[in-house]
Amino acid sequence: MKTIDGNAVASKFRARLADEVALLRADGRDLALAVILVGDDPASAVYVRRKVEQATEVGIRSIERRLPTSLSEAELVQTIAELNADPAVTGILLQLPLPRHIDSGRILNLIHPDKDVDGFHPMNIGRLANGTGGIIPCTPLGCILLLETVVNDFRGKHAVVIGRSNIVGKPMSLLLLERGCTVVMTHSQTRSLPEIVREADIVIAAVGRPEMVRGDWIKPGAVVIDVGINRVERDGKRRLVGDVEFAGMAHADAVTPVPGGVGPMTIACLLANTVRAGKAMGPNAVAYGDFNFR
Ligand code: NAD
């Protein structure tokens, strides 16, 4: 069984992005990622710091907007409108979760789709669904790039996606479908999940339940991508585990570890989306509503 090293793939990917950013800069094109953090959630602050550090490493300038928890929804709407209108800002990232008094769905829909580096805007999800490009959500994009390191031909492969969230499971299924897989989407209401997973050549686990996917669910030779991040106590120590029982995967062809699998790719893909958005917004900017994004 091969362990897919997400740190190594992400590091190579970032190096490639840094080259691309340098070429853009030589062409007089500066990329700037606006990062909005509302409130003082310590985990969100850590995520934002990591994203900003890695953006800086590849040459993307960050514009941090730290806003108080007491911020009104109207004030946040105003901030997004300013960033949408600012031609120097090529990407906008709104760190979630937002304080409870703010409607996240409404706010996310206000980010200009061409600056939506998370790929959560309905326009981008729609573009993905009808196969016309757009910005792809970072985590499923990272999963596909990791899969591509071990799968030569996706056509006709049976893929089972466990979890149907808007940010992972659903876009993941669309990406696999686009590549020619036969995709089964499973979720909390699915019956006989182990039997369904046993048919799979490719398994994507995005559930949020520690080590739920057991070794005997996995067909010999399958490729397993573990998106889950679960904090558990083991032998008196706090540890991170995925949704997959890693120790039971010896008969799989390849598996991503947790940590060090999908996680590092998610941030690298955020940077990739920022580069992609910035390129599209150059002198020949793609106008709002232009569907030929690729
Ligand atoms: P979510 O809670 O939005 O969705 C979980 C999905 O799992 C739901 O669709 C639900 O139907 C399904 N589910 C729940 N119980 C199930 C069961 N018993 N059998 C089958 N399906 C079941 O979660 P999410 O945002 O998609 O995240 C999933 C996991 O991935 C979490 O652990 C999260 O922390 C992690 N995650 C990791 C990254 C990363 O960068 N590595 C990014 C996003 C999410």
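The structure is a predicted model, in which local features need pLDDT of at least 70 and side-chain atom pairs count only at pLDDT 80 or more, while totals for chains, interfaces and linings use all residues. Residues are numbered from 1 along each chain as its sequence is written, and side-chain values use heavy atoms, with hydrogens and water left out.

The chain contains nine helices and eleven strands; helices (H or I, at least four residues) and strands (E, at least two) are DSSP runs, numbered from the N terminus. The radius of gyration of the chain is 19 Å, close to the 19 Å that the globule rule gives for 294 residues, so the chain is as compact as a globular protein of that length. The radius is taken over C-alpha atoms, and the globule rule is 2.2 Å times the number of residues to the power 0.38. Along its principal axes, the C-alpha trace spans about 55 × 40 × 35 Å. The domain assignment gives domain 1 (26-115) and domain 2 (138-263), with bounds that come from an automatic or database domain assignment. The centres of domain 1 and domain 2, taken over C-alpha atoms, are 29 Å apart.

An open sheet is formed by six strands in the order E1-E11-E8-E7-E5-E6, and the pairing is parallel. Two strands pair if DSSP finds at least two bridges between them. Strand E1 (2-3) and strand E6 (182-186) stand at the edges, each with a single partner strand, so one side of each has no neighbour in the sheet. Within the sheet, strand E7 (residues 202-205) and strand E8 (residues 223-226) run parallel and are joined by four bridges. Ile204 stands opposite Ile225 in E8.

A second pairing is antiparallel: strand E9 (residues 230-234) and strand E10 (residues 237-241) pair over five bridges. Arg234 stands opposite Lys237 in E10. The hairpin of E9 and E10 has two residues between the strands, and Asp235 in this hairpin takes a positive phi near 50°.

The peptide bond from Leu96 to Pro97 is cis, with omega near 0°, and Pro97 lies in the loop between strand E4 (91-94) and helix H4 (104-108). Another cis peptide bond joins Val258 and Pro259, where omega is about -5°; Pro259 is placed in the loop between strand E11 (254-255) and H9. Ser192, a residue other than glycine, has a positive phi near 55° and is found in the loop between E6 and helix H8 (193-198).

Around the ligand there are 22 residues, of which Arg164, Ser165, Val227, Ile229 and Thr266 come nearest. A residue is near a molecule if one of its heavy atoms lies within 4 Å of it. This shell divides into ten nonpolar, ten polar and two charged residues. Here Ala, Val, Leu, Ile, Met, Phe, Trp, Tyr, Cys and Pro count as nonpolar, Asp, Glu, Lys and Arg as charged, and the others, Gly among them, as polar. Helix H9 (residues 262-280) gives the most to the shell, with three residues.

An N or O atom in the side chain of Ser165 is 2.5 Å from an oxygen atom of the ligand. A polar backbone atom of Ile229 is 3.0 Å from an oxygen atom of the ligand, and a backbone N or O atom of His187 lies 3.5 Å from a nitrogen atom of the ligand. Taken alone, the ligand exposes 860 Å², and the protein buries 72% of that; accessible areas come from the Shrake-Rupley method with a 1.4 Å probe.

Notes
A polar contact is a pair of N or O atoms within 3.5 Å; within protein, one must be able to donate a hydrogen and the other to accept it, and residues adjacent in sequence count only if both atoms are side-chain atoms.
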